[in-house]
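Colleague: I am new to reading models like this one. Can you take me through it, step by step?

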Amino acid sequence: TSPVKRGKWILETLLDMPPPMPPPGVPELAERGRVTGSLRQRLEQHRADPACANCHELMDPLGFALEHFDAVGRYRTRDGDYPVDALGELPGGKRVDGARELQQLLVKEYRDPFVRCLTEKMLTYALGRGLEYYDQCAVDKIVAELERNDFRFGSLLLNIILSDPFQKKGGPESP
């Protein structure tokens with residue numbers, strides 16, 4: 001498992017908030033010499049570098065919250081010789097301990113970016129193309145309808161189908 005990769009995936013895929021690229025010349029954890037201890041301790045050694053800490057302070061806690069799950073999703077209480085520690089602290093002091101608290105945090109603190117990101121991804125899929133600047137009005141309208149309909153998935157699908165970009169998309173030309 002990798003809390004860094006999991007946290008980065010949450011930021012990019014669920015929230016559309018990709019972290020910045022690492023600064024040039026920052027070595028990978030393995031290149032920095034011998035690191036020891038649990039995965040958390042090894043990552044803390046990596047975050048000790050201020051150049052690394054800037055990005056990792058958001059990615060790592062999100063990923064740590066999922067550490068009770070191994071690489072194939074099985075629940076676990078140990079990672080090798082060490083007990084799993086699923087506690088993470090985000091900037092501003094927000095703490096999450098495990099997947100359930102992560103879910104609650106995402107619903108409470110990150111609902112708007114998640115809903116917008118999901119809407120954009122679903123509209124992209126429905127259109128069969130990437131979104132353009134002129135599609136943002138439709139995204140805004142769909143998100144507003146979702147909020148009015150208690151964020152029901154059926155409302156998302158219906159409003160994508162009823163959107164101008166979907167209604168006016170051209171199909172392949174017939175001979």
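Modeller: Start with a definition: axes are lines fitted to C-alpha atoms, for helices over the stretch in contact, and angles run from 0 to 180 degrees between N-to-C directions. Helices (H or I, at least four residues) and strands (E, at least two) are DSSP runs, numbered from the N terminus. This is a predicted model, where local features need pLDDT of at least 70, side-chain atom pairs count only at pLDDT 80 or more, and totals for chains, interfaces and linings use all residues. Residues are numbered from 1 along each chain as its sequence is written, and side-chain values use heavy atoms, with hydrogens and water left out.

Colleague: In what order do the elements of the chain run from the N terminus on?

Modeller: The chain has 8 helices and 4 strands. From the N terminus on, they run α-α-α-β-β-β-β-α-α-α-α-α.

Colleague: At what angle do the axes of helix 5 and helix 6 cross?

Modeller: Helix 5 covers residues 111–127 and helix 6 covers residues 136–148. Their axes come within 10 Å. They cross at roughly 125 degrees.

Colleague: Which word describes helix 5 relative to helix 6?

Modeller: Angles under 35 degrees count as roughly parallel, over 145 as roughly antiparallel, 65 to 115 as roughly perpendicular and the rest as oblique. The angle here is roughly 125 degrees. That makes helix 5, relative to helix 6, oblique.

Colleague: How many residues of the contact of helix 5 with helix 6 are charged?

Modeller: Contact means heavy atoms within 4.5 Å. Helix 5 brings residues including Arg-111, Arg-116 and Glu-120, and helix 6 brings residues including Asp-140 and Glu-147. Asp, Glu, Lys and Arg count as charged; Ala, Val, Leu, Ile, Met, Phe, Trp, Tyr, Cys and Pro as nonpolar; the others, Gly among them, as polar. The contact divides into 6 nonpolar, 2 polar and, for charged, 5.

Colleague: How many residues of the contact of helix 5 with helix 7 are nonpolar?

Modeller: The axes of helix 5 and helix 7 (residues 153–162) come within 10 Å and cross at roughly 45 degrees. Leu-118, Thr-119, Met-122, Leu-123 and Ala-126 of helix 5 meet Phe-153, Leu-156, Leu-157 and Ile-160 of helix 7. No residue there is charged, 1 is polar, and the nonpolar count is 8.

Colleague: With which residue does Glu-120 form a salt bridge?

Modeller: A salt bridge is a side-chain nitrogen of Lys or Arg within 4 Å of a carboxyl oxygen of Asp or Glu. For Glu-120, the closest N and O atoms of the pair are 3.9 Å apart.

Colleague: Is Glu-120 buried or exposed?

Modeller: Buried means under 20% relative accessible area, exposed over 50%, partly exposed in between (1.4 Å probe, protein chains only). Arg-116, at 28% relative accessibility, counts as partly exposed. Glu-120 is at 16%, so it counts as buried.

Colleague: How many residues apart in sequence are the parts that Glu-67 and Arg-6 tie together?

Modeller: Their side chains meet in a salt bridge (3.8 Å, N to O). Glu-67 lies in the loop between helix 3 (50–64) and strand 1 (78–79), and Arg-6 in helix 1 (residues 3–14). The pair therefore ties together parts whose separation in residues is 61.
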